[in-house]
Amino acid sequence: MEHTAVSPLAAMSRAAEDPTGYVEQWKARTGGRAIAAFPMNFPAEIAHAAGLLPVIVQEDRNPITLGNNLLSEFNCGYSRNLADQAATGRLDAYDGFFMADHCIQLIGAADVIRELTAGRRFYFGQLISSMNDPWTTDQARLTMTDFVDELSSFAGVQITDERLRESIKTYNRGRRLLRALYEQRRSGDSRFTSGELQTMVKSSMVMQREEHNALLEELVAQSSAAPRDDRVRVHLSGHFCHAPKPELLEVIEESGGIVVDDDLFHGARYISTDADESGSPVDALVGQYLDRNVNIPCPTRAQSDVDWDTYLLNAVHSSGAEVVISLLVKYCEPHMLYLPELRKALEAKGIPHLLLETEHEGMPLETMRTRIEAMFEQAKRSRTLTRVPTA
Amino acid sequence: MASLLEDKSNRLRMTGRGGELVGAYWDELFTARERGAQVVWYNGHALNPLFQAAGISWCHGEAFSARLAAQHLEGPAQLAGEEYGYVNELCSYSRTHLGCAVLTNDFGESETGIVDTVDQRELASRLPEPDFFVNGYQGCSTGQQWDQMSYRILGKKVPIFTLSLPYMFGSKPDAGYLVGEEWETATDYVVDQLEKLIEFLEVQTGRPFDHDKLGEIMSYIKAASQLRREAMALCMAKPAPATYWDWVASIAHINFMPAEQRLIDYFQGVKDEVADRLASGVAGVADERYRLYFDGIMNWNKLGWLARKFADADAAVICGRYTHQNFWQEPQLIDPENPLRGLAQHYLLCSNSQGFKTLKQAMTKDCDDYGIDGVIFHASRTCRAYTNHQHLLARVAENQLGIPTAFFEGDIADAAFYKDEILETRLAALLETIDAKRARN
Ligand code: SF4
Ligand code: SF4
């Protein structure tokens with residue numbers, strides 16, 4: 001394990017902002033192999049149990065050049081950025097590619113990556129996305145078992161139940177630590193900004209888990225609770241597969257808001273659910289996959305007995321958020337399909353809702369600032385009218 | 001938009017007659033309620049043989065949206081969708097159909113703001129409410145979610161069945177077209193899914209499923225499909241006696257019309273007409289100088305317009321991914337004695353559920369077989385399932401096959417995305433490149 005002279009948060013930030021640099025160092029240090037994994041349901045625990053470093057590929061900051069000639073301009077920025085990373089050698093540090101989700105735009109990016117990185121293994125094991133059928137569990141189990149076989153053969157090791165159970169414990173530990181911070185934020189602790197929490201989650205998708213857990217523990221030990229001020233309490237919603245840009249989070253906070261909860265992939269969604277530590281580890285991962293969509297429903301899954309809008313209303317109620325900001329990745333179809341349901345539910349409860357569309361490049365931050373400020377002013381005015389307690 | 005003075009496209013007469021068949025099908029569907037029939041709304045693959053065998057009336061969401069777009073009647077439904085909150089970047093088939101669901105739900109209760117009452121009544125009363133949904137989407141995640149949204153718009157009362165179908169990415173080392181472990185495993189899995197769907201249909205109808213009837217239906221489809229493929233193959237001739245636009249005009253028949261003798265008669269008629277043209281040297285484009293391959297889903301608002309536009313430039317669009325790599329394209333796989341396997345395999349073969357490896361192989365074969373000079377890509381703005389691989393395919397055409405390519409923009413069912421000037425200049429440039437290449441050779 002690396003002993004960093006820098007603070008835990010700085011070490012996490014370094015990995016989050018430069019995953020390739022981290023992967024190269026990790027490989028040099030350990031002699032191990034790293035795989036690129038894709039959001040949002042890849043069972044990283046299995047790769048970890050095979051001794052690999054599974055890294056969820058992050059959107060990077062480079063402008064999209066070659067990627068624009070590989071996927072259409074009306075694909076989401078993340079998928080085009082992935083294509084660009086592949087075309088310009090920015091995925092060269094990875095020894096293989098593994099994916100479990102089937103958003104059609106992600107599939108488009110996957111095929112580009114496979115084509116441009118020929119010679120390296122690309123395995124797509126599609127997890128069943130119809131979540132509440134009598135056969136869902138069995139089918140998900142088959143796919144998980146396939147991942148165990150594929151990753152065993154890729155890594156050249158036998159992934160035993162013991163190894164997998166240990167990996168599950170390691171991942172659960174990290175998720176529990178992060179969830180505790182999220183829970184504290186919900187109940188009024190503002191010691192970490194939303195950007196810092198994002199860094200913690202993002203780096204957990206990149207770093208070797210034992211190392212990340214140690215940093216988290218150190219960070220928690222060093223910090224102490226800070227009471228929340230009276231800024232407008234915000235729930236951030238949506239933004240799949242990749243992280244909203246930190247500067248957007250800053251604009252929200254500079255405009256007089258404080259994020260008290262979220263259902264972002266780079267947030268509560270990613271850390272919401274643990275896998276059972278007893279019993280069959282493959283079944284535990286299946287259970288985790290199914291439970292995650294109940295805990296925070298995702299519009300890339302088809303499940304008619306749970307609703308993202310119901311979840312959102314409950315979350316807003318329990319965190320005391322005053323407004324909801326939906327961050328929509330431009331061209332993200334699953335999110336676009338579900339938005340009217342969210343809007344309807346929030347309107348029915350009189351909860352102010354702002355939709356902001358994000359892009360890989362050229363995001364109109366100042367226009368967003370004006371809209372955010374207007375919303376917050378409105379929220380503050382209604383505070384005085386309704387005398388809602390401020391914290 | 002420029003108007004084309006002379007129509008040099010020579011469309012098959014038979015497709016005009018086919019249009020009447022399609023009209024009759026929709027009229028029958030619109031009166032399903034009055035006849036006491038159950039109605040299923042379904043999306044994705046051609047599940048209609050199963051519904052026909054179960055004695056249910058079926059409405060294919062994409063087909064209904066495409067029909068509205070082809071008749072330029074999509075406006076009210078799309079407005080209703082927009083008013084409900086669907087962003088215009090979302091699949092326009094789904095937006096149109098979801099708009100219909102909104103209207104169906106609102107009609108009789110409240111007036112939907114910007115969609116006037118007459119339009120509401122017209123659309124809502126024409127598309128009968130579903131008794132249940134069946135979703136059969138494979139590659140496209142939007143297709144799967146779309147029914148989930150319809151289910152919610154209609155108040156979560158209508159039963160829904162989601163068929164889970166794997167995308168054929170080709171992960172296993174031996175994966176290939178119709179071969180390999182993945183193909184076999186996926187087939188078995190989909191057969192199992194279809195058996196579950198049949199159980200669902202039995203519950204919904206309260207009747208045992210008629211397996212013999214399904215076998216009979218599949219024998220009609222097999223025969224019709226064979227005729228369709230044979231007629232297509234006659235277009236390898238130069239000049240081609242029929243064009244891509246004729247195959248587009250016959251999609252409804254092969255994709256969702258009731259399978260009966262009339263279906264065979266229709267494709268027999270198409271094949272006979274193509275054969276007659278071939279014998280008498282009549283071409284699908286008056287002065288065929290260029291032979292093009294069309295990649296992309298159809299722009300239904302512009303079918304007639306595009307046919308004339310390409311013909312005007314002496315460009316015969318001969319074949320394409322949408323028409324030639326879909327819709328029971330491997331009839332030999334259908335065994336009426338054991339119909340589920342053939343059904344399952346055709347669902348898996350849908351070209352927007354195939355990874356690039358297979359698409360590349362299929363495009364290369366069609367370009368070879370049909371003597372293609374250029375590939376035109378329809379970048380359909382709101383259907384990423386179809387645009388996903390286009391840039392990779394263009395690289396193959398240009399770099400490996402030495403065939404020039406061009407892209408134009410449009411959409412499946414939203415006319416706003418089509419830009420005539422872009423097609424005009426890109427097509428001219430493509431044809432010039434073909435000329436230059438010919439001059440060099
Ligand atoms: S879910 Fe949305 S953000 Fe993720 S790949 Fe699909 S379109 Fe892009
Ligand atoms: S995006 Fe294309 S493939 Fe997907 S549901 Fe719409 S029309 Fe079908």
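Biologist: Where in chain B is the place of Pro239(B)?

Modeller: The place of Pro239(B) is in the loop between α9 (211–233) and α10 (244–249) of chain B. Helices here are DSSP runs of H or I with at least four residues, strands are runs of E with at least two, and both are numbered from the N terminus. The model is predicted, so local features need pLDDT of at least 70 and side-chain atom pairs pLDDT 80 or more, while totals for chains, interfaces and linings use all residues, and side-chain values use heavy atoms, without hydrogens or water. Residues are numbered from 1 along each chain as its sequence is written, chains are lettered from A and ligands numbered from 1 in the order in which they are written.

Biologist: What is the omega of the peptide bond from Lys238(B) to Pro239(B)?

Modeller: Omega is near -5°, and the bond is cis. Chain A has a cis peptide bond between Pro39(A) and Met40(A), with omega of about 0°. Met40(A) belongs to the loop between β1 (34–37) and α3 (44–49) of chain A.

Biologist: What is listed about the phi of Tyr331(A)?

Modeller: Its phi is positive, about 75°, although Tyr331(A) is not a glycine. Tyr331(A) is found in the loop between β7 and α14 (333–348) of chain A.

Biologist: Why do β5(A) and β6(A) count as a pair?

Modeller: Pairing needs at least two DSSP bridges between two strands. Five bridges join β5 (residues 232–238) to β6 in chain A, so the two strands pair, and they run parallel. In β6(A), Asp261(A) stands opposite His235(A).

Biologist: What makes β6(A) and β8(A) edge strands?

Modeller: The open sheet has four strands in the order β6-β5-β7-β8 (chain A), with parallel pairing. Both β6 (257–262) and β8 (353–358) of chain A pair on one side only. Strands of a sheet pair through backbone hydrogen bonds, either parallel or antiparallel.

Biologist: How do you know which residues around ligand 1 are nonpolar?

Modeller: Ala, Val, Leu, Ile, Met, Phe, Trp, Tyr, Cys and Pro count as nonpolar, Asp, Glu, Lys and Arg as charged, and the others, Gly among them, as polar. The residues surrounding ligand 1 (a heavy atom within 4 Å) are Cys76(A), Cys103(A), Gln105(A), Leu106(A), Phe240(A), Cys241(A) and Cys332(A). Gln105(A) therefore counts as polar, and the shell has six nonpolar, one polar and no charged residues.

Biologist: How many residues of each class are in the shell around ligand 2?

Modeller: That shell has eight nonpolar, three polar and no charged residues. Asn352(B), Thr382(B) and Gly143(B) are among the residues surrounding ligand 2, and by the class rule they count as polar. Cys91(B), Trp146(B) and Ile412(B) are also among the surrounding residues, and count as nonpolar.
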